[in-house]
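Welcome, and thanks for taking a look at this one with me. Below are some numbered points to read alongside the picture.

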Amino acid sequence: MTTSLPKPNPSILNGGNLLNNKWIDRFLRSRWYPGIIQWPTLMIFMVIMFELILGPESAHDNFGTALTWVLWWPLIPIIFLFLGRFWCAICPFAKINDLVQNFVGNNKPAPRFLKKYGIWIIDALFIFITWSDHVFGVVENPLGSGVLMLTLTTGVIVSGAFYERRTFCRYVCFLGGLSGNYARNGMLSLRGTPEICATCTIAACYKGTDKSLPCPLYEFPKTMTSSANCVLCAECIKGCPNNSIQLTVRPPTKELWFIRKPKIEEAFLSAVIMGIVFVQNVTMLEIWESMLKWLENVTGTTSYAVTFSITFATAIVIPVALLGLTSWIASKFNKATLVENFARFGYAIIALDMAGHIAHNLFHLLAEGKSILYTGMALFGMETHGASPAILSMQEIQWLQFGLIALGFIGSLYTAYRISKSNHSGEKVWGTFAPFAVLMVVLTVMNVVLFTLPMAMRM
């Protein structure tokens with residue numbers, strides 16, 4: 001007679017449940033989480049707002065500008081890669097939303113049109129805010145950055161006063177769309193255990209309990225297959241009576257291989273993000289002024305709004321059109337429609353999106369990072385005129401950028417292969433994969449070329 005040995009728990013690096021670690025489990029179940037991080041974040045946000053609106057008019061001297069665009073914005077995609085949408089759990093806007101609801105919230109259900117068109121609204125806002133940044137000089141103008149933050153704060157307050165949970169974060173926030181796409185590419189995954197959830201009838205993880213709040217972004221861990229709208233707030237961990245929730249580490253891009261219901265609006269956003277990475281790089285190049293002069297001669301106008309809008313539209317259209325063309329070519333091999341291929345394989349671009357985004361922002365963080373220290377010292381009367389803001393040399397930064405683009409290329413290429421393999425068989429796998437492999441090569445080369453050209457500093 002033999003007895004079966006108990007199955008060993010897989011290690012954290014092999015997909016083991018992080019909640020098996022007593023320190024992580026206690027921290028996430030604590031009544032202090034996430035507030036213990038939310039409140040300091042809110043305090044820092046208030047300092048930033050004060051500086052943006054009432055501080056120095058020059059971005060070079062403004063502590064709020066340095067914290068926002070030299071530190072926070074570059075770190076955001078890195079956080080999404082390693083921790084998913086954790087930032088959204090501690091975001092000051094989320095805390096403001098919760099405070100408003102506690103005092104004056106009507107807790108009405110989210111409007112139907114937001115539920116139906118939320119992703120398209122997010123896409124449009126993301127495009128509009130990026131366009132406005134360049135046309136109105138938001139980043140280079142502290143007051144402009146302050147107005148943007150105040151506008152978002154107003155939206156959060158209005159949403160929190162009328163609608164339940166975090167309606168603004170789920171259906172309106174432009175950063176929510178970006179973070180949702182990137183969280184799919186991320187290394188953390190929160191899910192319910194299927195065998196345990198199958199017998200559960202109370203849905204405490206969604207509705208909340210006397211010890212936990214309802215899921216702020218309307219997610220149901222029992223059926224959740226994506227990290228796009230999980231903010232790691234841990235309310236479901238606190239509320240689940242069966243300890244069903246698992247928090248695991250996974251390889252980057254893994255979620256993208258098996259998207260059950262691909263959405264064209266999410267695939268469209270992934271292509272748009274690639275175009276925005278292009279335009280952000282182009283407008284920082286030292287040859288940008290020469291390009292503007294050429295555009296002014298061609299269009300017959302000196303209006304920056306016109307010339308930039310042409311550049312912006314072109315940069316966005318290129319990756320969207322390339323994805324559409326590739327999807328049409330693949331349809332000749334796999335017999336799926338252009339729209340079906342566009343929706344499925346648009347997700348494959350996300351890894352390269354994230355790499356390009358991080359690589360671009362790495363320039364600001366490492367070439368201008370010391371400006372955070374210098375502008376902070378200036379608040380106390382300590383001047384540092386003439387000191388270089390660079391942390392690393394331009395050559396060192398450039399090699400890091402190339403390394404990131406290479407990793408993004410590998411991630412996107414492999415994701416395209418896995419999507420092809422999971423949806424097709426036989427010769428259709430390679431017939432489908434080949435056009436998208438070419439697309440990833442083209443997009444990667446475009447990124448590399450842009451990063452080889454000298455860039456101008458923001459601060």
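**Notes on the model**

1. Buried here means under 20% relative accessible area, while exposed is over 50% and partly exposed lies in between (1.4 Å probe, protein chains only). Among the buried residues of α9 are Phe174, Leu175, Gly180, Asn181 and Tyr182. Helices (H or I, at least four residues) and strands (E, at least two) are DSSP runs, numbered from the N terminus.

2. A word on how to read all this. This is a predicted model, in which local features need pLDDT of at least 70, side-chain atom pairs count only at pLDDT 80 or more, and totals for chains, interfaces and linings use all residues. Residues are numbered from 1 along each chain as its sequence is written, and side-chain values use heavy atoms, with hydrogens and water left out.

3. How confident is the prediction? The protein averages a pLDDT of 90, and 96% of the residues score at least 70; pLDDT is the predictor's confidence in each residue, from 0 to 100. Over residues 1-8 pLDDT stays under 50, and the model has zero contacts beyond four places in sequence for them. Contact means heavy atoms within 4.5 Å. Where pLDDT is low, the predicted coordinates should not be read in detail.

4. His357, in helix α17 (residues 350-368), is buried, with a relative accessible area of 8%. Beyond its neighbours within four places in sequence, His357 is in contact with Trp73, Pro77, Leu178, Tyr182 and Val277. Ala228, in the loop between α11 (204-207) and α12 (235-239), is buried at 4%.

5. Do look along helix α3 (residues 63-83), which has a kink of about 40° at Trp72, shortly before the proline Pro74. The bend at a residue is the angle between axes fitted to the seven residues ending there and the seven starting there. After α3 comes Gly84, with a positive phi near 60°.

6. Some backbone details deserve a check. Tyr33 and Pro34 are joined by a cis peptide bond, with omega about 0°. Ala234 has a positive phi near 75° though it is not glycine, and it is buried at 2%. Thr253, also not a glycine, has a positive phi of about 80° and is buried at 7%.

7. How many disulfides are there? A disulfide is a pair of cysteine sulfur atoms within 2.5 Å, and the count comes to zero. The sulfur of Cys88 is 6.6 Å from the closest cysteine sulfur, in Cys91, so it is too far for a bond. For Cys230, the closest cysteine sulfur is that of Cys236, at 6.2 Å, again too far for a bond.
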